[in-house]
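This report is written for a reader who is meeting the structure for the first time. Please keep the sequence and the model in view while reading.

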Amino acid sequence: MYQNETIKLLRNEFTQRLLTDGGIEKGMRVLDVGCGSGDVSIMAAEMVGDSGEVVGFDISENALSIARNAVKEKHISIVQFIQADIADLPESIGTFDAIIGRRVLMYQSDAAQSISSLLPYLTAKGKMIFQESDCMTASFHADSMPLHTKVQNWTWDTVAKEGGNIHIGRQLYSLMKNAKLNILLTRAEAILHTFESGSDFGWAAKMMEPRMISQGVATAEEIDTNTLEDRLQLELGGSDTPFIRDMAFGICAEKINYIPQNKQKSISLPVITLFVQ
Ligand SMILES: C[S@@+](CC[C@H](N)C(=O)[O-])C[C@H]1O[C@@H](n2cnc3c(N)ncnc32)[C@H](O)[C@@H]1O
């Protein structure tokens, strides 16, 4: 199988850097929102160490069982996974020094509401760190790389048809700012798919094939997962331009000075008049 280990490493490396630079450190208690199969929770666990703790939650019991197996295999004991919905988290999970999440806000019908419903679970000086993708590069190489373009469109069209927000990346900064959080770090990065790196499109299409078919975006014959990776690699080999699938956006913010909306008071400031001669 081509790929994807390189691309996967690059994608995870962005997350890793975001979490480190965003201030995840030893001893912290971290909540991973929409943890899926646990990749980000495991990354956070390595950063907080044995004196810390990570709680990952997800609505999908399937994803959680993969996540539980992954931590078991790695003998990580400081991570626990629970089934929960962002909108309905149990109070008993307590508060966290950091709330993190990757590619989960894009699936919320009201991402602003999701962020504000998480804030009570953040300690007074807590950090909130989200990474979301944006389909901002659709048709970037439409002429020179038709197969990559086609697979890219299948992927994003499927997510859009499922109700996902394919432009959440560019909206992340304002979502977090509007939540009255203090923005600490902002970044965006794209991965270049080249002949040398391989592409993760074949892997993504294989993973998403049932969803692509059920959304009527592509047929099994069109996708043809048996030959797709070879065809993609052939296309990369014949191109001297890299292909960009999406842009990853990462924002880190802190809760300092945050006042919940129902506690906000209007304050009258004294009027100061300056006389300039
Ligand atoms: C694209 S996956 C990302 C998984 C993981 N964060 C990662 O980056 O590897 C999105 C995950 O969010 C979960 N999810 C979506 N909406 C959710 C909600 N309202 N509450 C909890 N989990 C949710 C999905 O079940 C899925 O596992």
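## A helix across the sheet

Helix α3 (residues 61-73) lies across β2 (53-58) and β3, running at about 170° to β3. Here helices (H or I, at least four residues) and strands (E, at least two) are DSSP runs, numbered from the N terminus, while residues lie in contact if their C-beta atoms, placed from the backbone, are within 7 Å. Axes are lines fitted to C-alpha atoms, for helices over the stretch in contact, and angles between N-to-C directions run from 0 to 180 degrees.

This is a predicted model, in which local features need pLDDT of at least 70 and side-chain atom pairs count only at pLDDT 80 or more, whereas totals for chains, interfaces and linings use all residues. Residues are numbered from 1 along each chain as its sequence is written.

## The sheet

An open sheet of mixed pairing is formed by seven strands, in the order β3-β2-β1-β4-β5-β7-β6, where two strands pair if DSSP finds at least two bridges between them. At the edges stand β3 (79-83) and β6 (182-193), and because each has a single partner strand, one side of each is left without a neighbour in the sheet. From one strand to the next, the twist averages 15°.

The partner of β6 is strand β7 (residues 243-254), to which β6 is joined by 10 bridges, the two running antiparallel. Across this pair, glutamate 189 stands opposite alanine 248 in β7.

Helix α4 (residues 111-118) and helix α6 (residues 168-178) have axes that come within 10 Å and cross at roughly 45°. The two are therefore oblique to each other, since angles under 35 degrees count as roughly parallel, over 145 as roughly antiparallel, 65 to 115 as roughly perpendicular and the rest as oblique. Ala111, Ala112 and Ile115 of α4 make the contact with Ile168, Leu175, Met176 and Asn178 of α6.

The axes of helix α1 (residues 5-21) and helix α2 (residues 39-48) come within 11 Å, again crossing at roughly 45°, which makes α1 oblique to α2. The α1 side of this contact consists of Asn12, Thr15, Gln16, Leu19 and Thr20, and the α2 side of Asp39, Val40, Met43, Ala44 and Met47.

## Around the ligand

Among the 16 residues around the ligand, those that come nearest are Gly34, Gly36, Ser60, Arg102 and Arg103; a residue is near if its C-beta atom, placed from the backbone, lies within 6 Å of the molecule.

Technical notes. Contact = placed C-beta atoms within 7 Å.
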